[in-house]
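Here is a short report on one model.

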Amino acid sequence: MSLKKIRVRFAPSPTGNLHIGATRTALFNFLYAQKMKGEFVLRIEDTDKERSKEEYEDDIMRSLEWIGVKWDLGPFRQSERSDVYKKYLNKLIESGKVYPCFCTKEKLEENRKKQQERKEPPRYEGDCASLSEEERKKMIEDGMDFVFRIKVPQGKIVEIQDKIKGKIEFNTSDIGGDFVVAKKDLSPLYNFACVVDDYDMGVTDVIRGDDHISNTPKQIIISEALNIPIPSFAHLPLILGPDKNKLSKRHGAVSLYEYKEQGYLPEALFNFISLLGWNPGTEEEIYSPEKIIEMFLLEKCQKSPAVFDIEKLKYINGRYIRSRKIEQLTKDCIPFLVKENILKELSSNNYQAVETKKEVSFKEIEQIIGLYQERLKYLSEVGELVDYFFKEELEYEKELLFWKNAEEEEIKKSIDKSIKILLNIKEWEKEKIEEILIGEANRMKNRGLLLWPLRVAVSGKKASASPFDIVYLLGKEEALNRLKKALKKL
């Protein structure tokens, strides 16, 4: 007998941009589907017409595609499936398993206050469950507003074998009585639509955040009332900030697409988010998507909350940047240099420095980016690191030129010496420049006295790449020009 093909789903509401928690849910569904040779369904739960927006739906799909989470079926939209929900709701109405409830908000609130006074948990007391057909018909004819409630068997133990949390038991008496599944116009509420969609779309495994655990018994009751199979469940742990509080923007957690705009690589985020609540059991932290899929097991997901650490994300992203081919890294960095108005694109391989108007080839930019590949944590840093290569004037205080306790006259002599050295270099090669400058620096009482003012003069920065690399890439004329301007500052 062949086993049923695994099918999972990710069902976001388009009421905001895709955030880390929802991305983790989508990613774990994708990993499980890939591992089990199953299928991944994307379903957009857009029945909240006031809050659902097309721009958020676009962001969800664009973000998933960017990080490498691909769906096999969909996107399906709940707003386009009203006939399906009506079919299943009518089935429950005909079988008498749901009934119209005419209780007003005021009456429900009054009952809730009385329950509080009696120190009882809030629950629907079933006022409309015992109405006769004639009474219901009369109320409907009188135009009374109503909703549909499903009959909940009391005192029944509902048990699931959660693939992450293990055995979970629910007592139906704790649900709060008969609960609402649809509105008067037969439009479904969340739990009913969710059950119908999962069944209708052939979902075998529901993998979601453990904030949905409270929905599980209600969905099982609906499934049993419809006499349809109940899927397997796996509830993922919450994601907390390093301070163990609920994850928020103050922990560095923003929408997924904002990470792209900050210069994080999709492979790094795929890797980092995979480790939020799942541990492959090794000490390594860097894995390719293929390796993660190969190792992934729901049973290895932790039961306790995962901790989001932005510093760890920066570290993982830096590792991916360092392993990237320099040509690709340059292509990744150029849009950030264009966005910051440092470069202007002239053609596919030619650019112009906005400030100096000088043309710059892709190869030249590649050499400059190469100086900082080991330092970059995320791509949006590239502008502040390399902007001095493309500037007409460097802005820095003259005090930055001073090496430790050196006098101004010593710094002037040092810069003047660098100018004479560079003037006399006939073969403009990096190794030759480095050899001559280091040889001269070693003959001084402190090599920093020569190399520090030189580096500041050509970069204008407190921290930069080595002065030999900078001098070489600037070229003889520009390097000498910057050293002469540094002398004028003094």
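The notes below start with the basis of the model, then turn to the cores and the sheet.

## Basis

This is a predicted model: local features need pLDDT of at least 70, side-chain atom pairs count only at pLDDT 80 or more, and totals for chains, interfaces and linings use all residues. Residues are numbered from 1 along each chain as its sequence is written, and side-chain values use heavy atoms, without hydrogens and water.

## Nonpolar cores

The largest nonpolar core holds 114 residues. Such a core is a set of buried Ala, Val, Leu, Ile, Met, Phe, Trp, Tyr and Cys residues joined through side-chain atoms within 4.5 Å. Buried means under 20% relative accessible area, with a 1.4 Å probe and protein chains only. Y259 and F308 touch the most other members. Helix α1, residues 20-35, contributes the most to this core: nine residues. Helices (H or I, at least four residues) and strands (E, at least two) are DSSP runs, numbered from the N terminus.

Contact means heavy atoms within 4.5 Å. Leaving out residues up to four places away in sequence, F308 touches I20, Y259, F272 and L276, among others. Another core lies apart, with 31 residues, including L89, I175, F179 and V195.

## The three-stranded sheet

The sheet is open, ordered β1-β2-β3, with parallel pairing. Strands pair if DSSP finds at least two bridges between them. β1 (7-10) and β3 (73-77) are the edge strands, each pairing on one side only. The twist averages 25° from one strand to the next.

Four bridges join β1 to β2 (residues 39-44). F10 has L42 of β2 as its bridge partner. Helix α1 lies across β1 and β2, at about 165° to β1. Axes are lines fitted to C-alpha atoms, for helices over the stretch in contact, and angles run from 0 to 180 degrees between N-to-C directions.

How values were computed. Buried means under 20% relative accessible area, exposed over 50%, partly exposed in between (1.4 Å probe, protein chains only).
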